[in-house]
Amino acid sequence: MPSRPPVTLRPVTRVNVRAVCDLRLADHQQRLVAPAAFTVAEGHYEPGALLRAIYAGEQPVGVLLVEVETGTPYLVRFMIDAAHQGGGNGRQAVALLEDELRAAGWDALETSFVPVDGGAEGFWRRCGFVDTGRRLHGEPVFRRELREAEPVAGEAAS
């Protein structure tokens, strides 16, 4: 069985911007997530935003945008090209994003999504996000803690 190429997060640059902007969702997903080109454009106007291309090997397969101005990083946009969904690229990208945010000193990551049958809720739950009970623009807000819980005094860490 051939191994899948490694997933990496890379800056969007003048070298890869067209390929990133050309990423597409499946027809039934287009009303749920803005086009990649919108994400790239918006990422350049958000103060302190984290804009990353998601690569599988040397091919861009997705894009993400995190805003940090609210005090908790908020994953505004996350998309994997329709031809590259279902193979673990999204989950690997989320794990890499969590590592990057953790290394930068952040304690949590939040996101929201359009609540539809067969939508993104299952994906976010599989990535370890939990429903906060809050809503933003009618969308449920999910949160993932990025720090390990501190051991209780007298307990050994496992």
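The following dialogue examines a predicted model and the reasons for the terms applied to it.

Trainee: Why is Asn 16 called buried?

Mentor: Its relative accessible area is 7%. The term buried applies under 20%, so Asn 16, at 7%, counts as buried. Asn 16 lies in the loop between strand 1 (7-11) and helix 1 (17-21).

Trainee: What makes the pairing of the side chains of Asn 16 and Tyr 55 a polar contact?

Mentor: The two side chains are joined at 3.1 Å. The limit for such a pair of N or O atoms is 3.5 Å, and therefore the value of 3.1 Å for Asn 16 and Tyr 55 lies within it. Leaving aside residues up to four places away in sequence, Asn 16 touches Pro 11, Ala 53 and Tyr 55.

Trainee: Is Ala 53 buried or exposed?

Mentor: Ala 53 has 0% relative accessibility. With the cut-off for buried set at under 20%, Ala 53 is therefore buried. Its place is in strand 2. Beyond residues up to four places away in sequence, Ala 53 touches several others, including Thr 8, Leu 9, Val 20 and Val 63.

Trainee: To which core does Ala 53 belong?

Mentor: Let us begin with the largest nonpolar core. That core has 24 residues, and Ile 54, Phe 78, Leu 97 and Trp 124 touch the most other members. Strand 1, strand 2 (50-56), strand 3, strand 4, helix 3 and helix 4 each give two or more residues to this core. Helix 3 gives the most, with 4 residues. Apart from this core lies another, of 13 residues, and Ala 53 is among its members, as are Val 12, Val 20 and Leu 23.

Trainee: What does Phe 78 touch?

Mentor: Not counting residues up to four places away in sequence, Phe 78 touches Val 33, Ile 54, Val 63, Leu 64, Gly 90, Ala 93, Val 94, Phe 123 and Trp 124. Phe 78 also has a place in the lining of the largest pocket, where Val 33, Phe 78, Phe 113, Ala 120 and Trp 124 lie nearest the centre.

Trainee: What else is known of the largest pocket, and how many residues line it?

Mentor: The lining has 37 residues, and the volume is about 1000 Å³. Strand 4 gives the most to this lining, with 7 residues. By class, the lining has 17 nonpolar, 14 polar and 6 charged residues.

Trainee: Why does Glu 67 count as buried?

Mentor: Its relative accessible area is 19%. The cut-off is under 20%, so Glu 67, at 19%, is buried. Glu 67 is in strand 3 (residues 59-67). Its C-alpha atom is separated by 6.5 Å from that of Leu 50, 17 residues apart along the chain. Among the residues that Glu 67 touches, not counting those up to four places away in sequence, are Glu 46 and Tyr 74.

Trainee: Why is His 137 called exposed?

Mentor: Its relative accessibility is 75%. Exposed means over 50%, so His 137, at 75%, is exposed. His 137 is found in the loop between strand 6 (130-136) and strand 7 (139-145).

Trainee: What is the phi of His 137?

Mentor: The phi of His 137 is near 55 degrees, a positive value in a residue other than glycine. Most residues other than glycine have a negative phi.

Conventions: Residues numbered from 1 in each chain as written. Predicted model: local features only at pLDDT ≥ 70, side-chain atom pairs only at ≥ 80, totals over all residues. Heavy atoms only, no water. 1 Å grid on protein atoms, 1.4 Å probe; cavity = no way out; pocket = protein on both sides within 12 Å on 5 of 7 lines; lining within 4 Å. Points joined across faces, edges and corners; volume = space filled by probe spheres on them. Nonpolar A, V, L, I, M, F, W, Y, C, P; charged D, E, K, R; others polar. Buried < 20%, exposed > 50% of the residue type's maximum accessible area, 1.4 Å probe, protein only. Polar contact = N/O pair within 3.5 Å; in protein donor to acceptor, adjacent residues only side chain to side chain. Contact = heavy atoms within 4.5 Å. Core = buried A, V, L, I, M, F, W, Y, C linked by side-chain atoms within 4.5 Å.
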